[in-house]
Amino acid sequence: MPDIEEIIIAAAENEEPVNDITFEQETGCYLNCTAMDFNRTRFTGCRFDNCSFKNASFIGCIFTDCVFASCDLTNAYFKDTSFRDTSASGCTFTRALFRQSRIRGGFFRYANFSDSTFESSEIVGASLAESAFIQVKLKKTTFTEADLSKTDVLGTMLKGIDLSDCDISGMLLSDTLRELKGARINALQAAELVRLLDIDVVM
């Protein structure tokens, strides 16, 4: 069977989608996957270095134990797609759309999700520490045991989101903490946030 680079290059040249293929332990470097369609494709233990997935579409795909390094996923579309213990630290997901998708485990430290949208999706046990989560739209999306420490959420309204079992220490917020209006947090989180308003808390 041809390797992942041969399959993707051929699909791009013929303007064809990549459908119903399983890739295992494959590596792709400097691949141009701009505007490509991936349908029901499984990636296990794969690595992508300096690849472009701008405007790419992923429907019914599964990434397990994969690594994205210095990849651009601007405007990418994810529907019914799962990321399992996958790393995309420092990658760009600006203006991406996640619909009915899941991020479970893995590291997305320093990733840029600004202006992206999450609809009916879930983030479970994943690290988004120090990522840019600016002006993100959240619709029926849940966070469970996620690491959001030092994450920049300016302009991202978290109303109705339960963050009580997440790490939100050092989260970057506006001066009024308006991003957290209507969010659910625990007592310790509340005490830390109150200190940001220069109010002394007696425990």
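Predicted model: local features only at pLDDT ≥ 70, side-chain atom pairs only at ≥ 80, totals over all residues.
1. Seven strands form an open sheet with parallel pairing, in the order β1-β4-β7-β10-β12-β14-β16. The edges are held by β1 (18-19) and β16 (137-139). Each of these has a single partner strand, so one of its sides is left without a neighbour in the sheet.

2. N19 has N39 of β4 as its bridge partner. In general, strands of a sheet pair through backbone hydrogen bonds, either parallel or antiparallel.

3. The nonpolar core. The largest nonpolar core has 58 residues. Those with the most contacts inside this core are F38, F53, F93, F113 and F143. Helix α1 (residues 4-13) supplies the largest share of the core, 4 residues. Nonpolar side chains tend to be buried together in soluble globular proteins.

4. Surroundings of F143. Which residues does F143 contact, leaving aside its neighbours within four places in sequence? They are I123, F133, L138, L148, I161, D162, L163, D165 and C166.

5. Aromatic pairs. The whole structure contains 28 aromatic pairs. One of them is F78 with F83, an edge-to-face pair with 5.5 Å from centre to centre and 65 degrees between the planes. F78 is buried, with a relative accessible area of 0%. F83 also counts as buried, at 2% relative accessibility.

6. The F78 and F98 pair. Is this pair stacked or edge-to-face? The ring centres of F78 and F98 are 4.7 Å apart and the planes are at 15 degrees, so the pair is stacked. F78 belongs to strand β10 (residues 77-79) and F98 to strand β12 (residues 97-99), so the pair ties together parts that are 20 residues apart in sequence. Both F78 and F98 are buried.

7. A loop residue. S114 sits in the loop between β13 (102-104) and β14 (117-119). Is S114 buried or exposed? The relative accessible area of S114 is 10%, and buried means under 20%, so S114 is buried. Not counting residues up to four places away in sequence, S114 touches T94, R95, A132, I134 and V136.

How values were computed: Residues numbered from 1 in each chain as written. Heavy atoms only, no water. Helix = DSSP H or I, 4+ residues; strand = E, 2+ residues; numbered from the N terminus. Buried < 20%, exposed > 50% of the residue type's maximum accessible area, 1.4 Å probe, protein only. Contact = heavy atoms within 4.5 Å. Core = buried A, V, L, I, M, F, W, Y, C linked by side-chain atoms within 4.5 Å. Phe/Tyr/Trp six-rings, centres within 6.5 Å; stacked < 30°, edge-to-face > 60°. Pairing = 2+ DSSP bridges.
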